[in-house]
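Subject: A structure to look through

Dear colleague,

I am passing on a structure for you to look at, and below it I have written down what was found. Please keep it open while you read, so that you can follow along.

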Amino acid sequence: MDFLLEPLQYDFFRRALIAACLVGATGGLIGVYVVLRGMSYVGHGLSHAAIGGAVVGFTLNMNFYAGACAMGLAAALIINKITKNNKIKLDAAIGIVTTAMFALGVAIVSKLRNFKQNFEAALFGNILGINNDDLIIIGIVTLITLITIFFCYRALLFSTFDQEAAHVSGIKTESVQLLFSIILTFSVIASLNVIGVTMVAATLIAPAITARIITDSFSKMIIYSTLLGSFSGMIGMYLSYIFNVASGTTIVLFSTLLFCLALTIKPIQKLVRNQ
Amino acid sequence: MQAIVNSDWQSFSAVKLSNISAGYEPNTLFKNLSLEIPHGLFAGIVGPTACGKTTLLKILMGMHPVTCGEAELHGQAVGKIKPGIIGYVPQLGSIDWNFPVTVEEVIAMGLYTNGRILPWLAKKEREQIHELAERLNVSACLKQHILAISGGQRQRAFLARALISNPKILILDEPTSGVDIKTQHEILHLLSDLNCEGITILLTTHDLNAVASHLPWVICFNKGVVAQGRPNDIFTNEILTKTYGGDIAIVKHEGHLLIANTTPLRFMDPK
């Protein structure tokens, strides 16, 4: 038990642990829709656009989150607009829009080489990088995500499963998609310092696909994915502390381990049940 | 679902299209199309592939724009129709069968029009689902995943989703495709029963024999209405050739119409 309690004496670890659990839960929750809407690549893209925005914001003396939010939201809106008429597919739109925004960030970094250390946490996640402001922002984003999913649960489920029938039933599917893109952007940006740009996509996808293997019910998938995301965040953070490696890597590796376990155990369970 | 007798809304048509034009830029699919379907009709739209059947349904549901003309459903302009007026059953081929939903969750989607926003089902909603599932013979598989049930049960589950909001007009896109002949009969009989209760039903299909034997009204469609009426009157060589452009034989056998394509097939000689 000591190895579990020992890190808790440090302020930075307590903050990081709460942040990782919240970010993991939010990622797990929103990841269900990301996976089922075929948007798995969007988390990866938005995080890159956000980091481009953060760099641009830095050059304009803006807060990290302000720049990341501005660019992330712009990317989400542009992707929505481009894909509206179905001529350009989602993956292509994500590929061009978010990469261009990331490229802008990289171009600025290469021109002005004096702020590299500020973005290391944002690239791979760092438990030392979570301060009280980060924690407040993560808390607010988690709350916004929970409230939005709670009140839009039926509309989101229906429009994710069958957009045409949802439209006929009176759901404003375009507005739902836009709202979803906005909360997804907020979630991605809020998790940047814990998970890191390069790892965000996996924290959205891994809990959701693990939950999908476990259950065939949507409501259960939502619950399992949220719990798995939060659990992965917690264990990943401990592993990050114990092995002294970037928190994003340990969270992603642990959630991938859970996925592999589910992938292995489920067929065995089925086999046993059928015998 | 209540039987509808002498309701005031019967004074206007279920569907009224006046001189509408629509298409996919830069092409025009229909030009000055007019069509009126009275309330209480059970009609099938038949026609060749890419003749605009699905586009017509999409126009009626406000999912495809018209470039000119007026479209009304249940006396309301298309695009401004109150939720719950239309029940829609999509082509089952367009459904993602690996999506994690149970039959109960699929049917519950149709309850969106109730206006309840809480994620979980109210007791009354659960009762509604069970009652309808019982009626459509899917109550035993309510907790099952949609992939784990038969084709007929799937069709009935989606029908239940469309019916749970008590729609006035039921629109089905090819409900008989991909199911065996027995299931096809079951579905069409079920639709016929629903029609007897007062629901206007409009469906598209490629199965002319099913239309001839089960539907009281048929609309032959090919980028416009070629003809409409009772199958016995409409399924003539002339009309079907005009609709499909091929050689079609119509045989009357013991009061039933049998329709077959008589274009000669070219087989490869196995030797």
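How many Å separate the centres of domain 1 of chain B and domain 2 of chain B, taken over C-alpha atoms? The separation is 24 Å, and the two parts in question are domain 1 (1-85 + 167-233) and domain 2 (99-165), with bounds that come from an automatic or database domain assignment. Across the boundary, 16 residues of domain 1 of chain B are in contact with 12 residues of domain 2 of chain B, where contact means heavy atoms within 4.5 Å.

Some notes on conventions come next. This is a predicted model, in which local features need pLDDT of at least 70 and side-chain atom pairs count only at pLDDT 80 or more, while totals for chains, interfaces and linings use all residues. Residues are numbered from 1 along each chain as its sequence is written, chains are lettered from A and ligands numbered from 1 in the order in which they are written, and side-chain values use heavy atoms, with hydrogens and water left out.

**The core**

In soluble globular proteins, nonpolar side chains tend to be buried together. Here the largest nonpolar core has 167 residues; such a core is a set of buried Ala, Val, Leu, Ile, Met, Phe, Trp, Tyr and Cys residues joined through side-chain atoms within 4.5 Å, and buried means under 20% relative accessible area, exposed over 50%, and partly exposed in between (1.4 Å probe, protein chains only). Helix α2 (residues 11-36) of chain A gives the most to this core, with 13 residues, helices (H or I, at least four residues) and strands (E, at least two) being DSSP runs numbered from the N terminus. The core also draws at least three residues from each of domain 1 and domain 2 of chain B. Leu170(B), Leu191(B) and Phe235(B) have the most contacts inside it. Not counting residues up to four places away in sequence, the residues that Leu170(B) touches include Val89(B), Leu159(B), Ala162(B) and Leu191(B).

**The cavities**

A search of the whole structure finds 2 cavities of 30 Å³ or more. On a 1 Å grid over the protein atoms alone, a cavity is a set of points where a 1.4 Å probe fits but cannot get out, and lining residues have an atom within 4 Å of a point; points are joined across faces, edges and corners, and a volume is the space filled by probe spheres set on them.

The largest cavity has a volume of about 100 Å³ and is lined by 13 residues, with Ser169(A), Ile86(B), Tyr88(B), Arg161(B) and Ala162(B) nearest its centre. The largest share of this lining, 3 residues, comes from β6(B).

The second largest cavity holds about 80 Å³ of space, and its lining has 14 residues, among them Val23(A), Thr26(A) and Ser187(A). Here α2(A) supplies the largest share, 4 residues.

Ser187(A) lies in helix α9 of chain A and is buried, with a relative accessible area of 8%. Apart from residues up to four places away in sequence, Ser187(A) touches Thr26(A), Ile30(A), Val141(A) and Thr145(A).

Cys260(A), in helix α13 (residues 247-274) of chain A, counts as partly exposed because its relative accessibility is 38%. Cys260(A) and Leu192(A) are 68 residues apart in sequence and 25 Å apart in space, C-alpha to C-alpha.

With best wishes

Conventions:
1 Å grid on protein atoms, 1.4 Å probe; cavity = no way out; pocket = protein on both sides within 12 Å on 5 of 7 lines; lining within 4 Å.
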